[in-house]
Amino acid sequence: MSDAISAAWQELELLPKPTLKALFADPARLEAWSARLDLPGGTVRFDWSKTHLDAAHAAAFLKLADAAGFAARRGAMFAGEHINTTEDRAVEHTALRGVGRETSVEEAQALHLRMQSLVEAIHEGALGETRHLIHIGIGGSALGPALAIDALARDEAKMQVHVVSNIDGCALEAAFKACDPATTLIAVASKTFTTTETMTNAMSALDWLRQNGVEDAYGRVVALTAYPDKAVEWGVDETRVLPFSESVGGRYSLWSSIGFPIALALGWDDFAEFLDGAAAMDRHFLETNGFANLPLRAACADLYYTRLRGAQTRACFAYDERLRLFPSYLQQLEMESNGKSVKLDGSPVDGPTAPITWGGVGTDAQHAVFQLLHQGTNLVPVDFIAAIIPGDSLDPAHHRNLLANCFAQGAALMAGKAAKDPARAYPGDRPSAAILVEDLNPATLGALIAFHEHRTFCAGVLMQINSFDQFGVELGKDIARAIVGGAAVFDASTEALLAEAGIK
Ligand code: F6P
């Protein structure tokens, strides 16, 4: 650890730990720790006032950011430098939103034009009547599209999209049951175009088309990949291969052609708004210095709880049914990016890295897991996400109650409640943050996702780790391949399980 970094951590460790109640004695607290951004799709309020950070923490965290070279690392990412050092790659998902190195932005725009042409041609019937799309992909090639479509294409989807990720055939069979093969397209979404789950599901989808009378099954397939040659070699016609750059990481790829099902379900104009909303957040992130930089502020709070308060998890609850997939999306983003044990220089990390991200949807979670948040022994910093404008057209009582419950939870976690009976007492002083969007639409969802991408990046910079590789997923894949290959011998427990399941 450099001297400046360890000095900043020492300063942070020595700072007093006032309670939330004490922090709110300052009448300027709310003003200082909440902010409103005017974005293309409406305003978004970010309220970090119910966290334990104060001005002294902000100053010390800014010293840490300086010592970790935050501004330079941020600049390097947007300049297209190879900040993903272990894979010697640039990190250019923001170029897909029009913010980044000029050549990369131009390349991204050209690829988007190609994608737009295909989307519009399909809408106009160029591939025959098409009512369903089975989108086959996994991890970053599925979670982002599934989230955006579930959030935004509820009422007037231009196409019914079924996202299938699991190699468990039950997942694909469920999609088959919902689709008519004669009017179904298959999207094979894989950055590498080698992922076992995706390629297995893709082959079965082709078989399903053929078995159900589709003569030119490959003619119904679109490929979304950073390796177009592999898709062509696999059998997809070049005109239906939508490439994206290798410098776009899997969990950051929904802005690329991996977002094809989003554009197909919503229409191109909405997809363009989705990109614009993310671009507005990119500009905020790139141009705002100090603690006014909201992703940086959120990352500092995250680090504060993991490194200085011992929090092992962090939770995100969307008080909005449309965002029910947001926690799953966030899990990959945060845990695959920052669940690391070594720093950029290969040395061991200085403390805990990514907390376990978990969460759910409000109010459901209140009736299931909130007991632990209020009275359990784990400290769990919580994010609440909600929208002011309802997504439904029922009696406004629904939405009023939804929001009342959301805000009540943050208030209850902070205030706690004394009681004579210890079983009925709430300790309080438990942290939460709130993100309140005026309206949930393509632009604000884009901004919300980009905010979390940058928050994750900031945490990685402050911990001096590479947020953009994911070698931790490889060993299990290698062993699974070896098992399927049949040659290797494993530990006694694994061998017994394989034998009992009849796999070996
Ligand atoms: O195994 C992890 C992972 O590589 C993720 O990072 C990625 O999003 C997912 O698999 C899918 O990879 P691909 O898009 O190459 O099929």
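The model is predicted: local features need pLDDT of at least 70, side-chain atom pairs count only at pLDDT 80 or more, and totals for chains, interfaces and linings use all residues. Residue numbers run from 1 along each chain as its sequence is written, and side-chain values use heavy atoms, with hydrogens and water left out.

**View 1**
The ligand is surrounded by 14 residues (near means a heavy atom within 4 Å). Ser141, Ser190, Thr192, Thr195 and Glu336 are the closest. The shell holds nine polar, three charged and two nonpolar residues.

Threonine 195 places a polar side-chain atom 2.5 Å from a ligand oxygen atom. For glutamate 336, a polar side-chain atom is 2.7 Å from an oxygen atom of the ligand. Glycine 140 uses a polar backbone atom, 2.8 Å from a ligand oxygen atom. Of the 390 Å² of accessible area that the ligand has on its own, the protein covers 88% (Shrake-Rupley method, 1.4 Å probe; for residues, only the protein chains shown count as cover).

**View 1. The largest pocket.**
Pockets and cavities are found on a 1 Å grid over the protein atoms alone: a cavity is a set of points where a 1.4 Å probe fits but cannot get out, a pocket is an open set with protein on both sides within 12 Å along at least five of seven lines, and lining residues have an atom within 4 Å of a point. Grid points are joined across faces, edges and corners, and a volume is the space filled by probe spheres set on the points. The ligand takes up space in the largest pocket (more than half of its atoms lie within 2 Å of the grid points). This pocket holds about 1000 Å³. Its lining has 38 residues, with Thr192, Thr195, Val473, Glu474 and Lys477 nearest the centre. Helices (H or I, at least four residues) and strands (E, at least two) are DSSP runs, numbered from the N terminus. At least two lining residues come from each of α9 (196–211), α14 and α18 (474–485). α18 gives the largest share, five residues. By class, the lining has 15 polar, 13 nonpolar and ten charged residues.

**View 2. The second largest pocket.**
The volume here is about 350 Å³. Leu152, Ala153, Arg154, Asp155 and Glu156 are the closest to the centre among 18 lining residues. α7 (143–152) and α11 (260–266) each give at least two residues to the lining. Nine lining residues are nonpolar, seven charged and two polar.

**View 3. The largest cavity.**
The model has six cavities of 30 Å³ or more. The largest has a volume of about 130 Å³. It is lined by 13 residues, and Asp302, Asn338, Ala354, Pro355 and Ala459 are the closest to its centre. α13 (294–308), α14 (326–338) and α17 (442–462) each give two or more residues to this lining. Five lining residues are nonpolar, four polar and four charged.

**View 4. The second largest cavity.**
This cavity has a volume of about 90 Å³. Its lining includes Glu92, Glu107, Phe244 and Val248. Six lining residues are nonpolar, three polar and two charged.

Key
Polar contact = N/O pair within 3.5 Å; in protein donor to acceptor, adjacent residues only side chain to side chain. Nonpolar A, V, L, I, M, F, W, Y, C, P; charged D, E, K, R; others polar.
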